[in-house]
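Here are my notes on the model, as numbered points. Please read them alongside the coordinates.

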Amino acid sequence: MKLKTTLIALGLSIAPALPALANSADPSGVWLRDDGNARVRIAPCGSNICATNVWIKDTSGGEEVGDRLVLTLQPNGADSLKGEAFDPKRNRRFAMTLTVKPDGLSTRGCIVGVLCKTVNWKPAE
């Protein structure tokens, strides 16, 4: 009975994030950043999606395990999500586009619309 209750609760916690992704590619999973310094888990969190650091090779840049971005994204075509990312640790918001590709992900974040960075990700093994 406890297992059934846990599974129902898990389903209810994931359900709010799913309608926004229903007609687009699903970015859920664990991803390795192209510079090899970070692994993140992308998963529903409440009505949003969170990208949470699960492993950091070099923490000298201020990144730590457990840091997360809260992504408020909407479908932007069959393979793309677009919206806003919020970094609670640094109290920063920025525009975000996430594209699911056959061999991984691409993220593009922009602050003030002109300071942009694109990062490629591959599935972590």
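1. Threonine 99 has serine 106, in β7, as its bridge partner. Strands here are DSSP runs of E with at least two residues, numbered from the N terminus. This is a predicted model, where local features need pLDDT of at least 70, side-chain atom pairs count only at pLDDT 80 or more, and totals for chains, interfaces and linings use all residues. Residues are numbered from 1 along each chain as its sequence is written, and side-chain values use heavy atoms, with hydrogens and water left out.

2. Strands β6 (residues 92-101) and β7 (residues 104-111) run antiparallel and are joined by seven bridges; two strands pair if DSSP finds at least two bridges between them.

3. The order β1-β2-β3-β4-β5-β6-β7-β8 forms a closed barrel of eight strands with antiparallel pairing. On average, neighbouring strands of this sheet are turned by 35 degrees against each other, direction ignored (axes are lines fitted to C-alpha atoms; angles run from 0 to 180 degrees between N-to-C directions).

4. Threonine 107 lies in strand β7 and is buried, at 12% relative accessible area (buried is under 20%, exposed over 50%, partly exposed in between; 1.4 Å probe, protein chains only). Its contacts (heavy atoms within 4.5 Å), not counting residues up to four places away in sequence, are Met96, Thr97, Leu98, Lys117, Thr118, Val119 and Trp121.

5. Asparagine 91 sits in the loop between β5 (80-87) and β6. The phi of asparagine 91 is near 50 degrees, a positive value in a residue other than glycine. With 60% relative accessibility, asparagine 91 counts as exposed.

Conventions. Helix = DSSP H or I, 4+ residues; strand = E, 2+ residues; numbered from the N terminus.
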